[in-house]
Structures are given as C-alpha cells and as structure tokens.
Amino acid sequence: MIYVGIDVAKDKHDCFMTNSDGEILAKAFTVTNNRDGFDELYQRVESLSDDLTKVKVGLEATGHYSYNILGYLLDKGLTTYTINPLHTNLYRKSLSLRKTKTDKVDAHTIATMLMSDVNLKSYSDTSYHNEELKSLTRYRFDKVKERAKLKTSISRLVTILFPELEKLVPTLHIASVYALLVEFPSAKAIADAHLTRLTNLLKTASKGHYDKNTAILFRNAARTSIGSHIPAKSLELKHTIELIEVLDSEIAEIEVEIKAIVDEMESPILTIPGISYRMGAMILAEIGDFSRFDSPDKILAYAGLSPSTYQSGQLESSHSKMEKRGSRYLRYALFNATIYVCHWDPTFKAYLAKKRAEGKHYYVAISHAAKKLVRVIYQLEKTREAYIK
C-alpha cells in the first residue's frame, strides 16, 4: 500500500510518499496549486503504482483551500481522507517532544497517520458533492445572522426616533411597520404626514389589517412623542430597513435552492415532526455521508455535543460540560431542531418533561433530547424508513 500525505496551503501543497514498509518513495516535494501542479502529483502517484486502489491519500481539512485538490483526487478515483488539523497536531506531538512544525513535516505526519490506520474514514464522492448543500446552508446561516444584527439596529433607532411605536404594534419587524418607517422615518415625519397618505400606506402594507383608525392612533402618538428629530438617524433607519428587505429576498432565493437539493435527497429525517427544510438541510449538509460514522456517538462528537471527561488519579469531575468542538453549524442545527421536535412530537415532549422533572436546566434537558434525536436520525438514515410517532 502507498500512502500520500499532503499539507494544503493557498498557493502550493507539500507532499510526502511512503509505503507499508516505511520506505520513503518520494521525499517531501512541493506542487503548485493549479492544474499543472495537480497533474504533476497524479503522475508521481501513477509512476509508483498501476493499481490506484492500493493508494491512500490524506490531507488536512483546511476549508476552501483543500476543496479543489480534494475534488481533483476524487475525480481521479483515488481513495482520499480528510483529517482534522487538531488530530494531526496531536499525532505529531505524540511522535516527538520537539516543537517542530513545517509544511513538509505535516505532510510526513499525515502520511504516517494513514499508515497507522487511526480509525480514519475515506472521503466519499457523495460527501464531496454534498458540499453544494453545505455551502448553501452556511451561506443562509450567515445571511440570517447579518439580518438579525440589522433588526437589532432597527430597535435601537426606533427607541431614539419614535419610542412609543413599539407599544402600538405586535413587533417592529413586520411589513407594515417597515413601510411606515421607510416613508416616515421619525415621529416628527409621521406627525406631519397627511392622514390620507398615512392611511393608504398602512392599509396597503398591512393588506387591509390597518385602517384609518390605526393611522390616527399612530399620528397622535407621534405628535406627543418624546422621540428626537435627528435626520442622520432617520436616514440610517431607512437604509437599514432597505438592507433587511434585500436580505429577505436573498434568503428566500437561497431557500428555494436548498429545498430543491433536499427534495432530491428524499431524506426520512424530514418526516420527524418539527424538523423543517431549513434545519433538516443544515443537519444533512453538515453530517454529509452517514456511512462515515460507525455510530450516533461519533456524530455527537463531530457536533461537539458529547460531554467532556476529566479524570486523574482519584479525582473525577462530576460536572461534565459539552466539548463544543467540531461543526458549530451542526451543533446549532441539532439544538434548534430539538426545541421544535420537543414541541411537536409527543415522545420527545415527554422525554424533555422527564429530564426537567429530574431538576435539569431547560437547555441541559434540551441537550439530552438532542442526543436522543441524533440516535433517531442516524437510524432513519441507515434504514431509509420514515419516522413513526
């Protein structure tokens, strides 16, 4: 068996090749991060073995830098492994007490890890093509996060410009309120507005929910408001709302793409009450190929939901906390999906109530339910059966 270790970087990749006997087949060499460099690497591999099934290639999971070379290797039919940089760092330290870290040393370390067969799972073609769904769900996550920050700014600006408004509406973040504030972005502007214009705007934006009486209510409140008249803040409010509306449109477009991919996957986890396309897509995207995991516990560890353990001599911690390593996106999706599943599914609702009755904090109880949910998801994906209440 031939083992190829690759340390991935932005402009070049350092490579090292060895065999099962520990014989160095190619001293550490560097290839450029382009087609010529990839072809050079593949030609070197081909020159060592005609049978590509006897070649294992390993590289660190370094985000977007490793994406292109990973796709190239998979397309060439090479068995490829992506390794967590934390694992290679710990493995390198276990081999030597010296503080030696270079790209060439890392390439050697990765090849040695492959040779020692430390419970590594090869990266499947399915996982690689699942990256599109992962990219979309993470892109949506960032957009939603960006929108949430802007909504916080809306609340801050309204408190300065027209603080009484928040008590007159169920929430500031509805279409009718946004339409009002874009047209009249301060209490003074609303107080000076023509009643007919104000009524028509509210009626149209709220689809008939708000009428002339609401317009009078808003205008009267504006006329006695303690809100400041600061044109710069009014302009900021108007632009912030417009940015939110752009983000709403972008998020909706992303969600259409996500739904199309998830529909093709026909995943049974969407049959679990409370798991929507949004959270379901993120869970599927982050886990990827379920065959990479031997058990649900491996998925929990990958999500950072497994408890940390501390024991030394006679001392053993009795208050274990979640590790919070691994994919923060998967951890977020599982945790939020669990909240909805516990609301809609009787079995999970009863399980959550049981944990709460044991005296556990709500979020601690949710974390227990999340572990139960992972076991259910794992079983459904393995059997491809729908969820039965």
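Is Glu-381 buried or exposed? Glu-381 is buried, with a relative accessible area of 12%. "Buried" here means under 20% relative accessible area, "exposed" means over 50%, and "partly exposed" is in between, using a 1.4 Å probe and protein chains only.

Before going further, a word on what you are looking at. This is a predicted model, where local features need pLDDT of at least 70 and side-chain atom pairs count only at pLDDT 80 or more, while totals for chains, interfaces and linings use all residues. Residues are numbered from 1 along each chain as its sequence is written, and side-chain values use heavy atoms, with hydrogens and water left out.

**The chain as a whole**

The protein chain has 16 helices and seven strands. Helices (H or I, at least four residues) and strands (E, at least two) are DSSP runs, numbered from the N terminus. Of its 389 residues, 44% count as buried. The chain exposes about 21200 Å², and carbon and sulfur atoms supply 51% of that; the areas come from the Shrake-Rupley method with a 1.4 Å probe, and for residues only the protein chains shown count as cover. As for contacts (heavy atoms within 4.5 Å), take those between residues at least 6 apart in sequence: 64% of them join residues at least 24 apart.

Leaving out residues up to four places away in sequence, Glu-381 touches Ser-267, Pro-268, Ile-269, Leu-284 and Phe-290. Glu-381 also has a salt-bridge partner, Arg-384, with the closest N and O atoms 2.7 Å apart. A salt bridge here is a side-chain nitrogen of Lys or Arg within 4 Å of a carboxyl oxygen of Asp or Glu. Arg-384 itself counts as partly exposed, because its relative accessibility is 44%.

Arg-219, in helix α10 (residues 212–223), tells another story. Arg-219 is buried yet has no salt bridge, and the nearest side chain of opposite charge, Asp-192, is 8.5 Å away. For charges, Lys and Arg count as positive and Asp and Glu as negative, with His and the chain ends not counted. Not counting residues up to four places away in sequence, Arg-219 touches Ile-190, Ala-191, Ala-193, His-194, Leu-195 and Leu-198. Asp-192, meanwhile, is exposed at 56% relative accessible area, and forms a salt bridge with Lys-188.

**Salt bridges**

The structure holds 17 salt bridges. Here are three of them, with their N to O distances:

| Pair | Closest N to O distance |
|---|---|
| Lys-188 and Asp-192 | 3.0 Å |
| Arg-384 and Glu-381 | 2.7 Å |

Lys-143 counts as buried because its relative accessibility is 12%, whereas Glu-250, at 28%, counts as partly exposed. In the Lys-188 pair, Lys-188 is partly exposed, with a relative accessible area of 43%. There is also a network of salt bridges that links Lys-354, Lys-355, Glu-358 and Lys-360.

**A negative patch**

Glu-132, Glu-253, Glu-257 and Glu-264 form a negative surface patch. Patches are made of residues with over 30% relative accessible area and no salt bridge; like charges are joined within 9 Å, and nonpolar side chains (Val, Leu, Ile, Met, Phe, Trp, Tyr) within 5 Å. The place of a charge is taken as NZ of Lys, CZ of Arg, CG of Asp or CD of Glu. Helix α11 (residues 231–265) gives the largest share of the negative patch, three residues. Glu-264 lies in α11 and counts as exposed, at 72% relative accessibility.

**Helix α2 and some positive phi angles**

In helix α2 (residues 67–75), Ile-69, Leu-70, Gly-71, Tyr-72, Leu-73 and Leu-74 are buried. After α2 comes Gly-77, whose phi is positive, near 85 degrees.

Which residues other than glycine have a positive phi? One of them is Lys-207, with phi near 55 degrees, in the loop between α9 (195–205) and α10. Another is Glu-266, with a phi of about 50 degrees, in the loop between α11 and α12 (277–287). Lys-207 counts as exposed because its relative accessibility is 79%, and Glu-266 is exposed at 64% relative accessible area.
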